[in-house]
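Open the model in your viewer and keep the sequence panel beside it. The tour goes from one selection to the next.

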Amino acid sequence: MRGGIPSEAAGVDWDVLRAAADAIAARAYAPYSGLRVGAAGLTERGELLSACNVENASFGLSLCAECGLVSALVSSGGGRLVAVAVTAGDGRPLSPCGRCRQLLAEHGGPDLLVDAGPQLPPRRLGELLPLAFGAEDFARRSPS
Ligand SMILES: [Zn+2]
């Protein structure tokens, strides 16, 4: 549903997700930017996973919190993410960067709900990354 709160959002406790993102942000390794980020996700099985950002002296190798979240998802058995909150430890949402939108699309799809804060309805990932590249594109392009 566009324009309103998606019906899937009704079962998501966004306060819990934001609090988990805030808590894990404290563990971030962010000596260069100082931006300590946490991401928390709810899986289709009801599991709550979280991760923090891990910077690197060669900045391009830094890992966003969402990268860690996807790694935690896969290493804990896989499945799909249904809701994600990203904060910098202050309870306010941070928007996933372009790379992380692509990562989240692979493991949550266009209906993954992304926190927009307590004042706004969550957004569908499909709104944040329209026309995403995905596994189905390989099939469309493979020679017959
Ligand atoms: Zn990112």
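Which residues of α1 are buried? Select them: Trp14, Leu17, Arg18, Ala20, Ala21, Ile24 and Ala25, where buried means under 20% relative accessible area, exposed over 50% and partly exposed in between (1.4 Å probe, protein chains only). They cover an arc of only 160° around the axis, which puts them on the same side of α1; the arc is taken from the directions from the helix axis to the C-beta atoms.

This is a predicted model, in which local features need pLDDT of at least 70 and side-chain atom pairs count only at pLDDT 80 or more, while totals for chains, interfaces and linings use all residues. Residues are numbered from 1 along each chain as its sequence is written, and side-chain values use heavy atoms, with hydrogens and water left out.

Now turn to the other side of α1, where Asp15 and Ala23 are exposed. Next, show β1 (38-43), β2, β3 (81-87) and β4 (113-114), which are among the elements covering the buried residues of α1; contact here means heavy atoms within 4.5 Å. Helices (H or I, at least four residues) and strands (E, at least two) are DSSP runs, numbered from the N terminus.

Cys64 lies in the loop between β2 (48-52) and α2 (65-75), and Cys100 in helix α3 (residues 98-108), 36 residues apart. Colour by accessibility: Cys100 is buried at 0%, whereas Cys64 is partly exposed at 23% and Cys97 is partly exposed at 32%.
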